[in-house]
Amino acid sequence: MPSAMKIVCPHCLSVNRLGADRDARRAKCGKCSEHLFDGRPHAVNEAAFDRHITRNDIPVVADFWAEWCGPCKMMTPIFEAVTTEMEPALRFLKVDTEAVPALAARFQLRSIPMLMVFRNGNLLAHRAGALERDKLRAWLASLPAG
């Protein structure tokens, strides 16, 4: 296990080094002083998305959604609840495919909601469709560590 890991601040996008001996849930950004983990998914644009998936040392879970999508709306409170439960082991992001169509095009999304998990800039896993809370938690827990 590394002595420190890199964590991208969801507020200012600064990369922070977090010591293994620190409580990640209480850690604050060295630049903006906001909490690095606040128990909620963060909406991102393309630049923020790229920064998170390439610079975080933890896996990043992205929920691709749209306001007009009924299953996406059903999935929102489930995604938020799982974020609260599984942070800081994972970083959770929300990508509005209408606001950031370049990301939807980059990944050739054909259906939403689409969940994608990234590690070190690489796609680790993906899954289309809304999931129940227990199934989402189990799917994320089953993913390989690295």
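## Aromatic pairs in a predicted chain

Count the ring pairs here and you get six aromatic pairs, where rings of Phe, Tyr and Trp (its six-membered ring) pair if their centres lie within 6.5 Å, with planes under 30 degrees apart called stacked, over 60 edge-to-face and the rest tilted. Two of them go like this:

| Pair | Centre to centre | Angle between planes | Type |
|---|---|---|---|
| Phenylalanine 64 and phenylalanine 107 | 5.9 Å | 65 degrees | edge-to-face |
| Phenylalanine 79 and phenylalanine 92 | 5.4 Å | 75 degrees | edge-to-face |

Phenylalanine 64 sits in strand S4 (residues 60-65), and phenylalanine 107 is 43 residues away, in the loop between helix H3 (101-106) and strand S6 (114-119). Helices (H or I, at least four residues) and strands (E, at least two) are DSSP runs, numbered from the N terminus. At 0% relative accessibility, phenylalanine 64 is buried, while phenylalanine 107, at 22%, is partly exposed. Buried means under 20% relative accessible area, exposed over 50%, and partly exposed in between (1.4 Å probe, protein chains only). Phe64 and Phe107 also belong to one aromatic cluster with Phe49 and Phe118.

As for the other pair, phenylalanine 79 is in helix H2 (residues 70-86) and phenylalanine 92 in strand S5 (residues 91-96), 13 residues apart. Both phenylalanine 79 and phenylalanine 92 are buried.

Now the whole chain: four helices and seven strands, in the order β-β-β-α-β-α-β-α-β-β-α. Buried residues account for 44% of the 146.

A few ground rules: this is a predicted model, with local features needing pLDDT of at least 70 and side-chain atom pairs counting only at pLDDT 80 or more, while totals for chains, interfaces and linings use all residues. Residues are numbered from 1 along each chain as its sequence is written, and side-chain values use heavy atoms, leaving out hydrogens and water.
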